[in-house]
Amino acid sequence: MTALNWQKELSREGHRVVFSGQPFTMHCHHYNMNLQKTLEDTLGEEGVQLLFQSAEESNYNIFRHLIDQYNQIKTTKSKLEMAATLFQYCGMGVIHFQTTGPSGGRIVSPSSHHVTGWLAKYGRRHTPGCHFTRGWIAGIMATTYNRPLGEYIVEETSCKMMREPECVFNVTTHKT
Ligand SMILES: [Zn+2]
């Protein structure tokens with residue numbers, strides 16, 4: 001397990017909460033799921049892309065900043081371990097980078113804030129719904145493999161919001 005200095009990374013600057021130099025907000029599932037539902041209902045695919053890209057970009061910046069500070073985190077394996085720890089500590093859930101490489105991979109989440117929150121508020125979906133997690137994964141992959149933002153395509157092939165056993169993400173690049 002990668003040792004992060006949480007007391008240093010997580011702090012307050014006046015009224016702002018800051019993680020690794022980046023201000024952030026914390027919301028419960030009522031806010032997060034309502035935001036997603038509103039974006040999907042009003043903007044459709046454009047709203048889904050907005051969620052994906054916001055999660056990708058913000059996570060890319062935070063993770064890049066963290067990796068630059070912790071020189072001992074050098075290998076791909078340790079970066080992905082730190083990413084999974086970050087996901088868990090931030091209350092997003094459990095995530096496993098099962099098989100990943102520069103050209104993509106397979107990532108599984110057996111439990112997450114978004115799944116629990118969506119099922120509690122809106123019940124079973126008929127389409128995969130973990131758009132935030134897809135974007136989050138894209139940001140981590142780009143940072144870990146030193147690729148630009150927008151490099152990775154993340155598709156969710158199985159989703160617990162549809163009452164499937166776990167959320168499974170298939171990652172490819174725009175080049176393949
Ligand atoms: Zn899902």
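**Charges, rings and helices**

Guide: Lysine 37 sits over the face of tyrosine 122, 5.4 Å from the ring centre; a charge counts as over a ring if NZ of Lys or CZ of Arg is within 6 Å of the ring centre and within 35 degrees of the ring normal. This is a predicted model, in which local features need pLDDT of at least 70 and side-chain atom pairs count only at pLDDT 80 or more, while totals for chains, interfaces and linings use all residues. Residues are numbered from 1 along each chain as its sequence is written, and side-chain values use heavy atoms, with hydrogens and water left out.

Visitor: And which residue lies over the face of tryptophan 118?

Guide: That is arginine 125, at 4.7 Å from the ring centre.

Visitor: How many aromatic pairs are there?

Guide: The count is three. Rings of Phe, Tyr and Trp (its six-membered ring) pair if their centres lie within 6.5 Å; planes under 30 degrees apart count as stacked, over 60 as edge-to-face and the rest as tilted. The rings of phenylalanine 97 and tryptophan 136 have centres 6.5 Å apart and planes at 35 degrees, so this pair is tilted.

Visitor: Where do those two residues lie?

Guide: Phenylalanine 97 is in strand 4 (residues 93-101) and tryptophan 136 is in helix 6 (residues 131-144), so the pair ties together parts 39 residues apart in sequence. Helices (H or I, at least four residues) and strands (E, at least two) are DSSP runs, numbered from the N terminus. Ring pairs also link Phe87, Phe97 and Trp136 into a cluster.

Visitor: Is phenylalanine 97 buried or exposed?

Guide: Phenylalanine 97 counts as buried, at 15% relative accessibility. Tryptophan 136 is buried too, at 4%. Buried means under 20% relative accessible area, exposed over 50% and partly exposed in between (1.4 Å probe, protein chains only).

Visitor: Changing topic: at what angle do helix 2 and helix 5 pack?

Guide: Helix 2 (residues 29-43) and helix 5 (residues 113-122) pack at about 75 degrees, with their axes 9 Å apart. Axes are lines fitted to C-alpha atoms, for helices over the stretch in contact, and angles run from 0 to 180 degrees between N-to-C directions. The two helices are therefore roughly perpendicular; angles under 35 degrees count as roughly parallel, over 145 as roughly antiparallel, 65 to 115 as roughly perpendicular and the rest as oblique.

Visitor: Which residues meet there?

Guide: On the helix 2 side, they include His29, Met33, Lys37 and Glu40, and on the helix 5 side, His113, Trp118 and Tyr122 are among them. Contact means heavy atoms within 4.5 Å.

Visitor: Which residues of helix 5 are buried?

Guide: They are His113, His114, Val115, Gly117 and Trp118. The buried residues of helix 5 pack against helix 2, strand 5 (104-112), helix 6 and strand 7 (167-173).

Visitor: Which residue other than glycine has a positive phi near 65 degrees?

Guide: That is arginine 163, which lies in the loop between strand 6 and strand 7. Arginine 163 is exposed, at 56% relative accessibility.

Visitor: What does glutamate 155 contact?

Guide: Leaving aside neighbours within four places in sequence, glutamate 155 is in contact with Arg134, Val168, Phe169 and Asn170. Glutamate 155 belongs to strand 6 (residues 152-158) and is partly exposed, with a relative accessible area of 43%.
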